Amino acid sequence: MSSRLAKGGRKIDRSQKVSFTFNGRQMSGYAGDTLASALLANDQMLVGRSFKYHRPRGIVASGAEEPNALVGLGEGGRFEPNQRATTTELFDGLSATSQNHWPSLEFDVGAINSKLSRFFPAGFYYKTFMGPRAFWKHVYEPIIRKSAGLGKAPTEKDADTYEHLYAFADVLVIGGGIAGLTAAVAAGRAGARVLLMEQTAHWGGRAPVDGGDVDGAPVAAHIDALVGELSGMANVTMRLRCMGAGVYDHGYVLGYERLTDHAPQSGVPRHRLWRIRAAQVVTATGAIERPLAFAGNDIPGVMLAAAVRDYIVDLGVSPGDRVAIVTNNDDAYRTAFAVKDAGLEVPIILDARSAGGGDLAIRAREMGIRVEHNRAVAHVSGGKRVTGVAICAQAGGGAVIEEIACDAVAMSGGWSPVVHLWSHCGGKLVWDDTKAMFRPDGSRAPTSHDGKPFVTCAGSANGALSLSEVLDDARSAGHSAVQAAGYDPVEQAAPSVEDVAEIPLAPVWVMPAGATEKLRSKSWLDYQNDVKVSDIQLAAQEGFESVEHAKRYTTLGMATDQGKLSNINGLAVLSNALNEAIPQVGTTTFRPPYTPISLGSIAGGARDAAFQPLRRTPLHAWHEEHGVKWEPVGHWRRPYCYLQAGESAHDAVIREVNGTRNRVGLLDASTLGKLIVKGPDAGKFLDLLYTNMMSTLKPGRCRYGLMCDENGFLMDDGVVARIDENTFLCHTTTGGADRIQAHMEEWLQTEWWDLKAHVVNVTEQYAQIGVVGPQARQLLEVLGTPGIDAETLPFMTWVDRTVAGIPARLYRISFSGELSYELAVPAGQGMALWQSLVEAGRAFDAVTYGTEALHVMRAEKGFIMIGDETDGTVIPQDLNLDWAISKKKEDFLGKRGQLRSHLADPNRWKLVGLETVDGSVIEDGAYVLADGQNDKDQRNMQGRITSTYYSPTLGRGIAMGLLKGGMTRMGDIVQVTRISGNAVAAKVVDPVFYDKAGDKQNV
Amino acid sequence: MLLLECPCCGVTAEETEFHGGGEAHVKRAGPSSEDAAFETYLFHRENPKGVHFERWRHVTGCGKWFMAARDTATLEVFGTYSAQTLAPPEDLLKQIRDKRPGFKWRDVQ
């Protein structure tokens, strides 16, 4: 059984008991425990079920590489699935639940998949869920969705807060093991601004567990000295629980700091995302031990050898009382010593190498441990827990020589440097045959904006394995990084280290070498996604020869651990199956983040009201106090309508339209884009931008204009007013203000930079109020506005006047078909003017109206709306706006584009009005049906609806749409789709439904 | 995330301050152009693996457009220069030739 040892555990504090629950069961551990070590201390080796076969899963590793021990942590608004028990620090009240089983962890119905595993080989989903097509949506999709994903998604809003932090460094050191500390000291002594981050809660990494002396003292003392020196440097920032998540272009790095995961509390951000720019990055990210692929290597109790000694030395727990060890290298012998030192048994060390190990093996024999060469695990016995191992020759096919009872197996297949961060931004790897590992190729480092390398690897991340190698490598990495960052390195004396002589490992990718199909189909590569040696071999056999294809076909390395344990073993198996060398097969791509980071940390503070800025017009507060129903328009909020007591939005819109058409209405038009174009060439410039002529407009006059892009497509419209000889004010749509300003700047700066003109966006400088309706003039006159009669201020002119004592600019323009004035005043005076208008309006029974009434009235009048009648593929000619396209101008944007054959095609869909025969309102987005079907068995269409409303003025539904044949179809009856099924009959009519002659607006 | 220097205001800033504007030095085909020339102007773009000349706008900074010479594979930025030019400046081209001997972009060498 796994248990708490009587003594030992340098990271735990036995004086501080901590209680927690696992699947509702009360358990206890010590401060300093990880959830994994605490579970082991409570003999909870079974922690989850695998993804596909629901096989029992135990803890395999002791760090970020853990594939199995994934749990749901917390409850309610603090629940989070798929958290690694090995990197979860224990705290009082922690609650964890296991995943991917029903009804319970111990008894899981889904485990039947394991018995059927020969029916679920690689590519099972691709082969099974193919046909018939009719099954895709209602049969296959629910099955696939149900089996997708391990943990359950949270159902409540995240109760925690998160933040972003921007940081800059000359040298960023990722990894606070002995290599990272050494490199940071080298950089820090040179005076560089150093940022050092370590993903765990402890400095020093695994060196104290592996042992060794530096300058005659235990390595732990050397680590303390390094940490002490760094802590005293003002130019060095040190962060624990902070992972280097990803390395990106030009020295951009994301750090992921878990501030309160180990001690949840409110009022403090849970995670902090560091957004770092570093001149140089040193990755001292260590190495990860590889599992060995033998039958039953997934049974709970089979663990990585180094993890076993981590649990014993660091955390004072043992995964078993009798630990069998299987290895292809010398390092795993250290685990045997740790187990023995803890007073537990090592029944056997199986060394797959025919010549066995070096000095460490001799020492093991001296301690009385049985050591066998050329031996392998034939299979592991046990179901939810290891009960023994069957031994065979590594060279053979798996014939059992002997069976040995044990309750844990420590395996070691050698080490793989953590090259992820090196590789994220293009660092290349080289295959090291002696060490059987991919390590960074220092001559092909990631390069920055200046073309120079900006990442250096240090220590075992660089392939150095012995203590002396690691220290030398890290010191030189620190020196070269700080030098590249522009500092002079300070020479340091190398500390003296005596390494134990080790015999190189022998690569073992399948155990035993000639394993039968039966054994290979029980030899796991990817524990989380259930990929076995046989699956990779099947993929190769079926032609998925590229490593990237084999990965996707088998899902090797595609689980939440991204193949930290499985990838190298998997591609070695693939290369054997293809009979190619490992470097020829290559690796899959390493992508950030190194381990999953929370979505909360990515969002940071950008949530709720801070998600994006809200733009308020100067009248926003008034709307809010007067029953407004808001409509989001970009970042703006515009009144959709104003609700009176007991009124529906539909009723309100009718009341607002009728009030405006019969009396007078007030509109907040402040969001309308207002761009000033000024300069001697302003008119010439606008002639190029608008389809019609603007340079001939006289000061004091207004003209409606259209803007197209070079393709010829209509992009914006609005009224242009000429203020003086050199100055124009261009109104744009609400959404167009920033876009059209950018459009103008682009052409002015990059094509017609010889033109003398400037563009200024004054949208927010003015409040703009529409005074609309037959009594508009009377209302303004009541407020003492002189000289606004039809002769002095005719339609499509503007003038400066004082209204209610406030200097205003009055534009006589109309988007409703009524007598209409738009009043522009400085933003700060908007509210005063609006209140005066509302006050004086009472005598006229005036209404305030919102965007929906505005839309209804413009549609009644047949006015187009950018975004409704246009969608980026519509040209002005489609909308019968040929009158607004100059024939005289030599050039304007879109002129050439509109000459293209497809845009000049007479069969294009063109604007018409539509009235249903029964008076009903056509549905939004409806299509006009045509006879027959197309080659995809879809019904043919001859047009589509662009705007559709209930018209209070006409008392019926009205619509605008684009129809093949356009206005030549007047009087035709067409069929318009409805979501419910039956089409509705509609008559093609003139799109101007109201006051065709324009008598009402021109008074 | 790229670092770029705006040649107009002199600020070196992160990519998020800028907005990419596609290929540089595209010659506009006007209203009287032939179909083929207009098609080239509207749709045909270089897609090199290597040296590329492109437009950027310092959109949340000074608002000015400028040009950049950048390696699309290594992301090395050789330099930035004024948008009010018809071809890359000679001193920049010399620097690129030194770093990428034999490079060719359209008819720029």
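Two residues are in contact here if their C-beta atoms, placed from the backbone, lie within 7 Å. With that in hand, we can start with how chain A is put together. This is a predicted model, and among the contacts in chain A with a separation of 6 or more, 66% are between residues 24 or more positions apart.

**Chain A as a whole**

Chain A has 1003 residues, and buried residues make up 52% of them. Its C-alpha trace spans about 115 × 65 × 55 Å along the principal axes. In secondary structure, chain A holds 25 helices and 51 strands.

Helix α8 covers residues 305-315, and its axis is 9 Å from that of α9(A), at an angle of about 30°. Angles under 35 degrees count as roughly parallel, so α8(A) and α9(A) are roughly parallel to each other. The crossing of α8(A) with α9(A) is left-handed. On the α8(A) side the contact is made by A:A305, A:A306, A:V308, A:R309, A:I312 and A:V313, and on the α9(A) side by A:R334, A:T335, A:A338 and A:V339. Sorted by class, this contact between α8(A) and α9(A) has seven nonpolar residues, one polar and two charged.

Helix α9 (residues 333-341) also packs with helix α10 (residues 359-366) of chain A; their axes come within 9 Å and cross at roughly 30°. That angle makes α9(A) roughly parallel to α10(A). The crossing of α9(A) and α10(A) is left-handed. Here A:Y333, A:R334 and A:A336 of α9(A) meet A:L360, A:A361 and A:A364 of α10(A). The contact of α9(A) with α10(A) is made up of five nonpolar residues and one charged residue, with no polar ones.

**Backbone details worth a look**

Most residues other than glycine have a negative phi, and most peptide bonds are trans.

| Site | Feature | Value |
|---|---|---|
| A:M511 to A:P512 | cis peptide bond | omega near -10° |
| A:P592 to A:P593 | cis peptide bond | omega about 0° |
| A:R241 | positive phi | phi about 55° |
| A:Q562 | positive phi | phi near 50° |

Where do these sites sit? A:P512 is in the loop between α12 (467-484) and α13 (517-520) of chain A, and A:P593 is in the loop between α17 (582-585) and α18 (599-603) of chain A. A:R241 lies in the loop between β13 (236-239) and β14 (242-248) of chain A. Because A:R241 has 21 C-beta neighbours inside 10 Å, A:R241 counts as buried. A:Q562 belongs to the loop between α15 (547-554) and α16 (567-578) of chain A, and A:Q562 counts as buried because 20 C-beta neighbours lie inside 10 Å.

**A residue in helix α19**

A:H620 lies in helix α19 (residues 620-625) of chain A. A:H620 is buried, because 21 other C-beta atoms lie within 10 Å. From A:H620 to A:R637 is 17 residues in sequence and 8.1 Å in space, C-alpha to C-alpha.

**Chain B and its meeting with chain A**

Finally, turn to the partner chain. In the pairing of the two chains, 21 residues of chain B are in contact with 20 residues of chain A. The side of chain B that touches chain A comprises 11 nonpolar, five polar and five charged residues.

Within chain B, B:Q84 is in the loop between β6 (77-82) and α2 (90-99). B:Q84 counts as partly exposed, because 14 C-beta neighbours lie inside 10 Å. B:Q84 and B:I96 are 12 residues apart in sequence and 20 Å apart in space, C-alpha to C-alpha.

Definitions and conventions
Residues numbered from 1 in each chain as written. Chains lettered and ligands numbered in written order. Predicted model: local features only at pLDDT ≥ 70, side-chain atom pairs only at ≥ 80, totals over all residues. Axes fitted to C-alpha atoms, helices over the stretch in contact; angles between N-to-C directions. Helix = DSSP H or I, 4+ residues; strand = E, 2+ residues; numbered from the N terminus. Parallel < 35°, antiparallel > 145°, perpendicular 65-115°, else oblique. Left-handed = near helix turned anticlockwise from the far one by under 90°. Nonpolar A, V, L, I, M, F, W, Y, C, P; charged D, E, K, R; others polar. Buried ≥ 20, exposed ≤ 12 C-beta atoms within 10 Å, placed from the backbone.
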